[in-house]
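User: Hi! Could you walk me through the charged pairs in this one?
Analyst: Happy to, let's take a look.
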Amino acid sequence: MGLLKQVPSEQDIIPDVEITTDPNTGQKVVYLTIEQVLARTLANSPEIRVVSFDPSIAKQDITKAASEFDITAFGDLNFENEDNPRNSIYQSGQSDERTLETGIKQKSITGSEWTLSYALTRSWDDLSGRSLSTRYEPILGFQLRQPLLRDAWQEVTLAGVDVAKMNYQIALLGFRQKAEDIATGVISAYWNHYQARHNVEIYQGLLERTLETLEKVQARQEIDATEVHIKQTEASMKAREAVLLQSRKQVIDAQDVLTRLMADPQLNVLNEFNIVPASAPTHETEELELSELLEIAMRKNPVVQQARIEIKIADINIRVAKNQDMPRLDLIGSARAQGLAGGPENAQERLTRGDYVSYGVGLSLEYPIGNRQREAELIQRRIERRKAVAVLQNVADQAAQLVKERARRIKTNYEEIMVQREAVEAASIHLQVLGDAEDIRERLTPEFLLLKLQTQESLANAQAAEVRAIVDFNIALAELAQTLGTVLELHQVESSLPTVSGNSVISQ
């Protein structure tokens, strides 16, 4: 059961909500605006928390790729002692050599690799013809290897860094997509909860009107109300009690869905409380131009953006594969300064003066015969790009279809609100007319009683349909924004984000 209790964060990210007690029922009540619900969801959602790590992980891949160009320091320390049988006066029998070498090396963004090293060697041998039996030889050397074809120049050497940066952008888009999906889900859950609570109020009113009708029928039992009238009214009352019971259950179900999405440590499914929506749904919308909506979706939809980046990654991979299909031609250069003396100071002095300087330059060529592996790699990368283009076309078509469908849904829901509002007004007038007629009627007939009960139910159904149309309209607005990739730009989300981002919850 402890898994059902959300773990609070180390810092107080979102202030606690105020929980009041209903004096009539004794139940705990929480009034929440949609901005408060969104802020608590964005701060606490475990689904958002899971994907929030992905950009940070991907960002480290950029550092790892760039670390290829870091300078590396190296060093060696060797001691070698030999004792060999002599077969010539020109051959030493005993010798020892001590070498200390240190230096740095680096790969540059042009693909070149350079090494700068300093080595000091102390040698001794028993060769009789040598002028210095013990000698010190310092060497300062520099080597450079610059590829000219394969592995050459920035567009190839920086490919790993570029791909890592694009993967980081994909991770950010994935994080944003999850945040927008969760925000859309919690907006829908909020308005569904709003609808469920209003349905309870509507059907509670219907039941109360039915009870009033039953009392009037029972009062006329001695006048003109028969047992048929009474039982007919009682049957309607019981049927409406059942509808009210189902409506109350739907409120609890909708509240559990909203509570789960919020994942709030203070409000969890183990606590007994009633969430009361404190925000009113909107009834208006701006004129929707389909061409503008499609342009926004192609530009901001996270899935479309991810597919575009995948094509860019495929282009980089093709460029690298083309480069790897080329022969290897490297320019190699080296320079060396050295000294030689019987003592380390004299040897170092000669090195410093540059008495002995050598250099060399050359070309190294490697031409693969057959080269099937790299040719296959290039073909594979080209196929991958065609696949990425097909994926982009597919997700773009799906996004466009959803934009058109949800834009039509918004328009239909808006028109339905107007129709249902007129239906409520007509049903209210009809019921009022029947109530006025009932007071002046001389005799209660089954037909009049049935008409009154049906009109009461028609009014309740029209009221519920109006609330449903309003809720569907607000949910459709959020779902269209989800397809466009602009959920985080909705007024409710923009109003709640400062509370979250100000506490460093959403920092990506």
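User: Is Asp264 buried or exposed?
Analyst: Asp264 counts as buried, at 2% relative accessibility. Buried means under 20% relative accessible area, exposed over 50%, and partly exposed in between, with a 1.4 Å probe and protein chains only. This is a predicted model, where local features need pLDDT of at least 70, side-chain atom pairs count only at pLDDT 80 or more, and totals for chains, interfaces and linings use all residues. Residues are numbered from 1 along each chain as its sequence is written, and side-chain values use heavy atoms, leaving out hydrogens and water.
User: Which residue forms a salt bridge with Asp264?
Analyst: That's Arg40, with the closest N and O atoms 2.5 Å apart. A salt bridge here is a side-chain nitrogen of Lys or Arg within 4 Å of a carboxyl oxygen of Asp or Glu.
User: New topic: what about Arg176 and Glu180?
Analyst: They form a salt bridge, closest N and O atoms 3.6 Å apart. Both lie in helix H4 (residues 159–219), four residues apart, about one turn of the helix. Arg176 is partly exposed at 22%, while Glu180 is buried at 3%.
User: And how many salt bridges are there in the whole structure?
Analyst: The search finds 27.

Key: Helix = DSSP H or I, 4+ residues; strand = E, 2+ residues; numbered from the N terminus.
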